[in-house]
Amino acid sequence: MSALVEGIKGNRFAVFGRAGMDMFADPIGVKSEDADTFHADLGGSSANICAGLVKLGSQASLVTSVSDDAVGRFCLNRLRHYGVDTSYIRVVGGEFRISLAIYESRIENFQNVIYRNGAVDFQVTEEDMDRIDYATFSAVISAGTVFAAEPSRGATFRAFDNARAAGLPVVFDIDYRPYSWPSPEVAADVLSRAGEASDLIVGNDEEFGFMAGGIEKGFAKAKELAEKPGRIVIYKMGEKGAVTMMDGQEIHTGIYPVTAVKPNGAGDSFMAGLLASVAAGYSLEEAVMRGSACASIVVSKPGCAPAMPTTPELDAFLADHPGPTI
């Protein structure tokens, strides 16, 4: 068994990246500007991955910083509600603020307004990363947004080094969000560096294309990254499914079509489903399919963290749903 798969099977994850508050318009279909009611819950890609992992029976600790205010405390409370360990979250005072996303449950003309000015999660430091007891984890996970600004960027590269020294594999979700970065050139350079330092890389065709300098070069970039022995690269193509690459092999998998009510949250749920399924003993191909099913479940419901399935919900979906496309 590879060190990567062995680490994932240990099922104890330290996750780097942001928590945020999501506010989504109610009822389904209403535009944000026309809504009378919004539901609030946990958001932020890394926090969503944590919630998804715990719902599927894994252990997850979020490593981030949150604002010393009501919204920061709301996010801490929701993380604990979902069973995520918060012992490595530092509360930061001053004018830094936690992320806020305001969106709606609709596909046509979907709107997601994100507030990231003075984002508190970028305040994670090397000292924060050095405080982690890496021996208590079996793998680390990072979303790409942590690399968009300092001190979080250098701190997360430090955490990658610490994880490597402790024998832990590094899982990387490219998660490119242009609004967080100073320039596309900086992002391409830094995200490529992070990819080279990782053992499992997950991204979509646009993200790999961005790293490569053009969407038409994305698949070649993913194949190049997958040439490192023992590394797994998953190249997602939306409705066209995914290609999983490792040790010269390519596994093509489809998706589970559903009636979607929103487009966001799918990638976070895919990551949680993939890792929890490998940990539960499924083959890599089966785990990718279970991750795809998790993504379909999340886009078919309002919200992100609350829409993440439990293992019984995932198994029921797979039992009731026609097989995947390919």
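Which residues are buried in α2? In this predicted model, in which local features need pLDDT of at least 70, side-chain atom pairs count only at pLDDT 80 or more, and totals for chains, interfaces and linings use all residues, the residues buried in α2 are Ser45, Ser46, Ala47, Asn48, Ile49, Cys50, Ala51, Gly52, Leu53, Val54 and Lys55. Residues are numbered from 1 along each chain as its sequence is written, and side-chain values use heavy atoms, with hydrogens and water left out. Helix α2 (residues 45-55) is thus mostly covered, with 11 of its 11 residues buried, where buried denotes under 20% relative accessible area, exposed over 50% and partly exposed in between, for a 1.4 Å probe and protein chains only. Helices (H or I, at least four residues) and strands (E, at least two) are DSSP runs numbered from the N terminus. Just after α2, Gly57 takes a positive phi of about 95°.

Leaving aside neighbours within four places in sequence, Leu62 is in contact (heavy atoms within 4.5 Å) with residues including Val15, Ser46, Ala47, Cys50, Leu79 and Ile89.

Two helix pairs illustrate the packing. The axes, lines fitted to C-alpha atoms over the stretch in contact, with angles running from 0 to 180 degrees between N-to-C directions, of helix α5 (residues 152-165) and helix α6 (residues 184-196) come within 11 Å and cross at roughly 15°. That angle makes α5 roughly parallel to α6, since angles under 35 degrees count as roughly parallel, over 145 as roughly antiparallel, 65 to 115 as roughly perpendicular and the rest as oblique. Arg153, Phe157 and Phe160 in α5 meet Val186, Val190, Arg193 and Ala194 in α6, and by class this contact has five nonpolar, no polar and two charged residues; here Ala, Val, Leu, Ile, Met, Phe, Trp, Tyr, Cys and Pro count as nonpolar, Asp, Glu, Lys and Arg as charged, and the others, Gly among them, as polar. The axes of α10 and helix α11 (residues 311-320), by comparison, come within 10 Å and cross at roughly 95°, which makes α10 roughly perpendicular to α11. The residues of the contact of α10 with α11 divide into six nonpolar, two polar and three charged.

Asn264, in the loop between β13 (249-253) and α9 (266-279), is buried at a relative accessible area of 15%, and beyond its neighbours within four places in sequence it is in contact with Tyr103, Phe110, Asn112, Val298, Val299 and Cys304. The loop between β9 (170-173) and α6 holds Pro182, which counts as exposed at 61% relative accessibility, and also Asp175, which counts as buried at 6%. Phi of Asp175 is near 45°, a positive value in a residue other than glycine. Most residues other than glycine have a negative phi, and most peptide bonds are trans. The peptide bond from Asp26 to Pro27 is cis, with omega near 5°, and that from Glu150 to Pro151 is likewise cis, with omega near 5°.
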